[in-house]
Amino acid sequence: MRDVVVAGLLALRDYVATHVLTCLVPAFLLAGGIVSFVNREVILEYLGEKRSKLSSFSLASIASFFVAACSCTVIPVASGLYFGGASIGVAFIILWVAPATNILALTYTGSLLGASMALARVVAAIIMAFLVGSTMSLVFQKEHTAPAPSGESQPKGAILEKRSALLLFLVLLSLLLPNYLIRSGPYLHKVILWAVLTVLFAVYAKLTLPPKAIREWLRETLWFVRLIFPLLLLGVFVVGVIGKLLPKTWIRAWLGGNSIRSSFLATLIGAISYFATLTEAPFVSTLMKLGMGKGPALALLLTGPGLSLPNWLAIARVFGGKKALVYVTTIVLLGTVVGWFFGNFIFAP
Amino acid sequence: MNIAVFGMGCPKCKATEQNVREACKALGIDAEVTHVADPREFARAGVRMTPAVVVDGTVLFSGKVPTVEELKEALQKLRS
């Protein structure tokens, strides 16, 4: 018993020592910046307009990157669009893409699991988004009775001001560069590069933005810290404990390789259990060290934050049980196939 | 005055409700504060991002937790 707790604490110590400064701090600052600088209302206005399926689906997939970072905020957004007249395909694409692959999760996955995994995550999520959107609109197209939005588009505000766009880009650099440029050597090197870049964007922010905007940015950042950080620490601890308890042979047997079965199991674990935003990455990283295959890892990364049992219930409550059932089934099937496909044909040596 | 906080019970929505109550207290407004948790109501009220604060049908804030100061200022404007 004591061993197990110690393993959890050790995982926590490793994690805090090597990720908080160079991964989490910039990631939270970036997320806070997106929430406070990006005008999401305008993005949603674009999404509510009538368009062809191809263009509305693409737009929804791209917009989801910036709209929300966790499944709790995305349900109101998706339902708002749906009941406001957007197509059901668009609503469910937002519901899927925003948690499965937003900019926060993506950069974090990259620095923890490598760029190829991050790239696979975004490509797979978008392919799945199109398939989910098509399935939902095929099955439920006739049911949708919400009023169609008026055809005329009104002039809209800017989505993002130029100077805040540049600021977000600088924050993104402070998140990416230390983790991609410095792959070996002492951790201190990363911290130094991170500190230099952080000073850079702090000075830039101070010079170009009004104090009120900066305060708002920091306030949103603090919200992310308060909401996600405790869950993340708990997640890392639990992962450490699981790593100690579960024998390697089990993980290899059930989640190893790239078979359909291990991909299906990984998808199911992800689809049922609740992962707070970002916790899926350390979880997958630990399981991979214990022998999980790359395909199942991708499947778990995708479905982990995107779906969970409480999330199913919320979707069922808002959109109706039938839609929730079709959505969850589609995701589980797609996740399995995508994990299997990427494992065998994309990641294969 | 009828003040509705829109949100699905997330921590941000709860903080918003608390700030609304504090602002009302500070201004001495005797308002009825309700919490709307049904997303279908969100669309009807024109709320796109939660948490949102809706006063007598007008969306004052949406997509962020307004501070007590911001709320006081906005409510004061409505009253005058």
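1. What covers the buried residues of α13(A)? Elements of chain A do, including α1 (2-37), α6 (103-113), α10 (211-245), α11 (248-255) and α14 (294-306). Helices here are DSSP runs of H or I with at least four residues, strands are runs of E with at least two, and both are numbered from the N terminus. A residue is buried if 20 or more other C-beta atoms lie within 10 Å of its own, exposed if 12 or fewer, and partly exposed in between, with C-beta atoms placed from the backbone.

2. The model is predicted: local features need pLDDT of at least 70, side-chain atom pairs count only at pLDDT 80 or more, and totals for chains, interfaces and linings use all residues. Residues are numbered from 1 along each chain as its sequence is written, while chains are lettered from A and ligands numbered from 1 in the order in which they are written.

3. Helix α13 of chain A covers residues 280-289, and seven of its 10 residues are buried, so the helix is largely enclosed by the rest of the structure. The buried residues are A:Glu280, A:Ala281, A:Pro282, A:Phe283, A:Val284, A:Ser285 and A:Leu287. Just after this helix, A:Gly291 has a positive phi of about 120°.

4. Chain A as a whole has 16 helices and zero strands. Its radius of gyration is 20 Å, which agrees with the value near 20 Å for a compact globule of 349 residues; this radius is taken over C-alpha atoms, and the globule rule is 2.2 Å times the number of residues to the power 0.38. The C-alpha trace spans about 60 × 55 × 35 Å along its principal axes. Of the 349 residues, 48% count as buried.

5. Among the contacts in chain A with a separation of 6 or more, 85% come from residues 24 or more positions apart. Two residues are in contact if their C-beta atoms, placed from the backbone, lie within 7 Å.

6. Helices α8 (residues 162-181) and α9 (residues 187-208) of chain A pack at an angle of about 175°, with their axes 8 Å apart. That makes α8(A) roughly antiparallel to α9(A). Axes are lines fitted to C-alpha atoms, for helices over the stretch in contact, and angles run from 0 to 180 degrees between N-to-C directions. Angles under 35 degrees count as roughly parallel, over 145 as roughly antiparallel, 65 to 115 as roughly perpendicular and the rest as oblique. The contact includes A:Leu170 and A:Leu177 of α8(A) and A:Trp194 and A:Phe201 of α9(A). By class, the contact has 14 nonpolar, three polar and two charged residues. Ala, Val, Leu, Ile, Met, Phe, Trp, Tyr, Cys and Pro count as nonpolar, Asp, Glu, Lys and Arg as charged, and the others, Gly among them, as polar.

7. Chain B has an open sheet of four strands in the order β2-β1-β3-β4, with mixed pairing. Two strands pair if DSSP finds at least two bridges between them. The edge strands are β2 (32-36) and β4 of chain B, each pairing on one side only.

8. Strands β1 (residues 2-6) and β3 (residues 52-55) of chain B run antiparallel and are joined by four bridges. B:Ala4 stands opposite B:Val54 in β3(B). β3(B) and β4(B) form a hairpin with two residues between them, and B:Asp56 in the turn has a positive phi of about 45°.

9. How many residues of chain B are in contact with chain A? There are 13, in contact with 15 residues of chain A. On this side of chain B, α2(B) gives the most, with four residues. The residues on that side divide into eight nonpolar, two polar and three charged.
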